[in-house]
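My notes follow the order in which I looked.

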2 protein chains.
Amino acid sequence: MIAYSPEALLECHRKIQPYLHRTPVLTSRLLNELSGASLFFKCENFQRGGSYKIRGATHAVLRKKEEGALPGVVTHSSGNFAQALSLAAQALEIPAYIVMPESAPEVKKQAVKQYGGIVYECESTLEAREVEAARIGKETGAIFIHPSNDPDVMLGQGTAALELLQDTDTLDFIVAPVGGGGLLGGTALAASYFGKGSVPIGAEPLAVDDAYRSLKAGKIMGNTNTDTIADGLKTVLGSYTFPVIQKHVQTIIRVEETEIIRAMHLIWERMKIVVEPSSAVTLAAVLKAPERFKGKRTGLIISGGNVDLAHLPFI
Amino acid sequence: MIAYSPEALLECHRKIQPYLHRTPVLTSRLLNELSGASLFFKCENFQRGGSYKIRGATHAVLRKKEEGALPGVVTHSSGNFAQALSLAAQALEIPAYIVMPESAPEVKKQAVKQYGGIVYECESTLEAREVEAARIGKETGAIFIHPSNDPDVMLGQGTAALELLQDTDTLDFIVAPVGGGGLLGGTALAASYFGKGSVPIGAEPLAVDDAYRSLKAGKIMGNTNTDTIADGLKTVLGSYTFPVIQKHVQTIIRVEETEIIRAMHLIWERMKIVVEPSSAVTLAAVLKAPERFKGKRTGLIISGGNVDLAHLPFI
């Protein structure tokens, strides 16, 4: 297992860079005026596969490959990680087996196949997915890679914040959405190593505020409800991500569904970019706590741009 | 009146640059694969006011100001030019009077006001708009600026293609949408001065194909129908724009409404940027004539990104 360190993060970045886009950091005068802060949007919606997930996926596959022959990788995901692992494995010429619930939208299955992933369908319970992934691993020798709760994945996700810091000199805050905690954990590591005092902040839908409650309780909490438009943030913290977040993150700001939709609308309308609801949670958090961010240089990780254009929440 | 020349275009660019964003030129591997061409998208959706119109508007206001005291500018528009002239005039500390039909969406009136424009409402006939604009001009001394049929405006619009050429070295084609002809005329001038053989091509909705028919007939033709989703392209060529287009443009590609919507969906989904239907007409034209563009370095002017997010055509 990897030890977290500044050198490990830089080494990870060096390794995965050839497989990634260097995504731009955008600013918006109008959103600065609206928020009272200086906002720097790290646009991972422009990343390969449409989200930051390719960072951690590529790092994990590269690391497994370094450890020896790799007959394949397997994961269960119906979201961005499914596409990301398929793309990462394709670039490294390794088969990627993706377990998806039968009920997942056909368009998502097609996207995975388009990126070379081999889709296995199963029932939509977590148990069924885990059983199927284990069976594929046993049968093919493929190694399981978790979408978030994996140190290599978390370190990979931290390279988005690393680039953001490289491109902005200094930031007072870096706000990242939190679901499984891979992105927030990696962001927190990057901030602590290279942030010169940048404070990492989590942004989470109130409807699935397990990370907020986990930090309060000092142990990993679950969600009873998964009813949020930010479908990338329904997952909960894990054994690797929770300790890192517990150590480095003091603040998680929770936002309402209407605030997420409003923030998403603002980004689309004002910045003319397509971002998914999970990304908009960051701007929603900044707008929710104006006194905290007033006059502050604030980075926001725009996690991705994969949305169903035929079913948007705007009215 | 301005004489068209390479020097005049460069001088125009030099003058208006301080008031503009240098918009990026984006590429998309996926859209290259789909089209068989090498596409370079000049993203004026990221321009101030959300469209290229600020270029011509700023140039026109600056030129009028050079000619002497300028008590104000006036135009009639319910589209992007209304916002652009308001912004341009605001930057130059001159009042902008904008005549809009009563029936225009409230959100468009608000956008103009937000940019400092003074809105006058009138009936929605062209005659009523012209009468009202003339009245305001007489009363306030404001000078009328046409949204497209003005040499200063046309030259200003040509600076988008100028920047595109500067940022891409060489292009085989530059595709621009055509409505009133300011953008296509300016693009054609830029291509002829600095394109080293770049061929300008117009892209037009079949439903309002006045420019196509005007070139065929050798005189300005009208539209009987204005039923297109590309609402920026309903206008017709004018006395200044037609001769320039007649001289420099040989080809106008016409596209169906469904092709415009499909192209717009492709750009949003694959490039993660918000563009308006009028912009998507350019990609629709490229996809309509694959044999012409195969293997060719092709610039596309993405004219703007002002859309009503609550009323999108995607299904």
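How many salt bridges does the rule find across the interface of chain A and chain B? I found zero salt bridges there, taking a salt bridge as a side-chain nitrogen of Lys or Arg within 4 Å of a carboxyl oxygen of Asp or Glu.

Before going on, I noted that this is a predicted model, in which local features need pLDDT of at least 70 and side-chain atom pairs count only at pLDDT 80 or more, while totals for chains, interfaces and linings use all residues. Residues are numbered from 1 along each chain as its sequence is written, chains are lettered from A and ligands numbered from 1 in the order in which they are written, and side-chain values use heavy atoms, with hydrogens and water left out.

**Interface**

I counted six residue pairs in polar contact between chain A and chain B, both at pLDDT 80 or more. A polar contact is a pair of N or O atoms within 3.5 Å; within protein, one must be able to donate a hydrogen and the other to accept it, and residues adjacent in sequence count only if both atoms are side-chain atoms.

On the side of chain A that touches chain B, α2 (29-35) and α11 (257-271) of chain A each supply at least two residues. The largest share, five residues, comes from α11(A). Helices here are DSSP runs of H or I with at least four residues, strands are runs of E with at least two, and both are numbered from the N terminus.

I then looked up the extent of the contact (heavy atoms within 4.5 Å). Chain A gives 22 residues to it and chain B gives 23 residues. The two chains bury about 1,800 Å² between them, 58% of it on carbon and sulfur atoms; this is the accessible area (1.4 Å probe) lost on putting the two parts together, summed over both. In chain A, A:K272, A:V274 and A:L309 lose the most area to chain B, together 35% of what that side buries.

**Six-stranded sheet**

I traced an open sheet of six strands in chain A, in the order β1-β2-β10-β7-β8-β9, with mixed pairing. Strands pair if DSSP finds at least two bridges between them. At the edges stand β1 (25-26) and β9 (251-255) of chain A, each with a single partner strand, so one side of each has no neighbour in the sheet.

β7 (residues 173-177) and β8 (residues 199-205) of chain A pair in the parallel sense over five bridges. I checked A:A176 and found A:G202 as its bridge partner in β8(A). Helix α8 (residues 182-194) of chain A lies across β7, β8 and β10 (297-302) of chain A, at about 165° to β7(A). Axes are lines fitted to C-alpha atoms, for helices over the stretch in contact, and angles run from 0 to 180 degrees between N-to-C directions.

**Four-stranded sheet**

Strand β4 (residues 96-101) of chain A pairs with β5(A) over five bridges, and A:Y97 has A:I118 as its bridge partner in β5(A).
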